[in-house]
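This report goes through a protein structure from its overall make-up to single residues. The sequence and the coordinates come first.

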Amino acid sequence: SQAYRRRLTDAEVKSRVQEEHLRVLSDSLPILLAYVDRDQRYRFNSSGYERWFGRSPQDLWGRSLSEALGDEQYERIREHVVRALAGEQVVFRTRAEILGLGTRWVEATYVPHVGPDGAVLGFSALVSDVT
């Protein structure tokens, strides 16, 4: 019916508005935000990744951590990624090469995303420059 289609459209509009609000919030903060799935692929990135690494969120979507970060940087964080994907919240500091700034110290927090069945589906990452 037309009323059902209208409600569905309203739900889609609400979802898009919420997604846009999340994007505005995540892009306005002086930190990096990301979601990485259990296959270690980016599924969300704030625009900070473009400022720090020259990689847009669209370019990073679906790329593996090792592909996106490079082998050297990935090896610095690999053990923390493994722990987060095992269900442990992890906080650590490491070096990162940031465009125009060179080597910086960053602090990262990885928070596991656990599904209703208890399986880890991925993790959310929050990274800030603490140099």
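## Surface and overall make-up

The protein exposes about 8,200 Å², and carbon and sulfur atoms supply 52% of that area. The model is a predicted one. Of the 131 residues in the protein, 35% are buried.

The secondary structure consists of 5 helices and 5 strands. Read from the N terminus, the order of elements is α-β-β-α-α-α-α-β-β-β. Among contacts between residues at least 6 apart in sequence, 35% join residues at least 24 apart.

In soluble globular proteins, nonpolar side chains tend to be buried together. Here the largest nonpolar core has 25 residues, and Tyr42, Leu65, Val81, Tyr110 and Phe123 are those with the most contacts inside it. At least two residues of this core come from each of strand S1 (32-37), helix H2 (48-53), helix H4 (65-69), H5, strand S3 (90-98), strand S4 (102-114) and strand S5 (120-129). H5 gives the most, with 5 residues.

Leucine 65 shows how parts of the chain meet. Leaving aside neighbours within four places in sequence, leucine 65 is in contact with Val36, Gln40, Tyr42, Gly70, Tyr74, Val81 and Phe123.

## Aromatic pairs

The structure holds 5 aromatic pairs. One of them joins tyrosine 42 and tyrosine 49 edge-to-face, at 5.6 Å centre to centre and with 70° between the planes. Tyrosine 42 has 4% relative accessibility and counts as buried; tyrosine 49 also counts as buried, at 4% relative accessibility. The ring centres of tyrosine 110 and phenylalanine 123 are 4.5 Å apart and their planes are at 35°, so this pair is tilted. Tyrosine 110 lies in strand S4 and phenylalanine 123 in strand S5, so the pair ties together parts that are 13 residues apart in sequence.

Tyr42, Tyr49, Trp52 and Phe53 form one aromatic cluster. Another ring, that of tryptophan 61, has the charged end of arginine 43 over it, 4.4 Å from the ring centre.

## Arginine 76

Arginine 76 is found in helix H5 (residues 71-85).

The side chain of arginine 76 reaches the backbone oxygen of arginine 95 at 3.2 Å. Apart from neighbours within four places in sequence, the residues in contact with arginine 76 are Thr94, Arg95 and Ala96.

## Aspartate 37

Aspartate 37 is found in strand S1. With a relative accessible area of 11%, aspartate 37 is buried. Which backbone atom lies 2.9 Å from a polar atom of its side chain? The backbone nitrogen of aspartate 39 does.

Not counting residues up to four places away in sequence, aspartate 37 touches Arg43, Leu85, Leu121 and Gly122. Arg43 is the residue whose charged end sits over the ring of tryptophan 61.

## Two loop residues

Glutamine 40 is found in the loop between S1 and strand S2 (42-45). Most residues other than glycine have a negative phi. Glutamine 40 has a positive phi of about 65° although it is not a glycine. Glutamine 40 is also one of the residues in contact with leucine 65.

Glycine 100 has its place in the loop between S3 and S4. At 85% relative accessibility, glycine 100 counts as exposed. Where does glycine 100 stand relative to phenylalanine 53? The two are 47 residues apart in sequence and 9.3 Å apart in space, C-alpha to C-alpha. Phenylalanine 53 is itself a member of the aromatic cluster with Tyr42, Tyr49 and Trp52.

Technical notes
Residues are numbered from 1 along each chain as its sequence is written. This is a predicted model: local features need pLDDT of at least 70, side-chain atom pairs count only at pLDDT 80 or more; totals for chains, interfaces and linings use all residues. Side-chain values use heavy atoms; hydrogens and water are left out. Helices (H or I, at least four residues) and strands (E, at least two) are DSSP runs, numbered from the N terminus. A polar contact is a pair of N or O atoms within 3.5 Å; within protein, one must be able to donate a hydrogen and the other to accept it, and residues adjacent in sequence count only if both atoms are side-chain atoms. Contact means heavy atoms within 4.5 Å. A nonpolar core is a set of buried Ala, Val, Leu, Ile, Met, Phe, Trp, Tyr and Cys residues joined through side-chain atoms within 4.5 Å. Buried means under 20% relative accessible area, exposed over 50%, partly exposed in between (1.4 Å probe, protein chains only). Accessible areas come from the Shrake-Rupley method with a 1.4 Å probe; for residues, only the protein chains shown count as cover. Rings of Phe, Tyr and Trp (its six-membered ring) pair if their centres lie within 6.5 Å; planes under 30 degrees apart count as stacked, over 60 as edge-to-face and the rest as tilted. A charge sits over a ring if NZ of Lys or CZ of Arg is within 6 Å of the ring centre and within 35 degrees of the ring normal.
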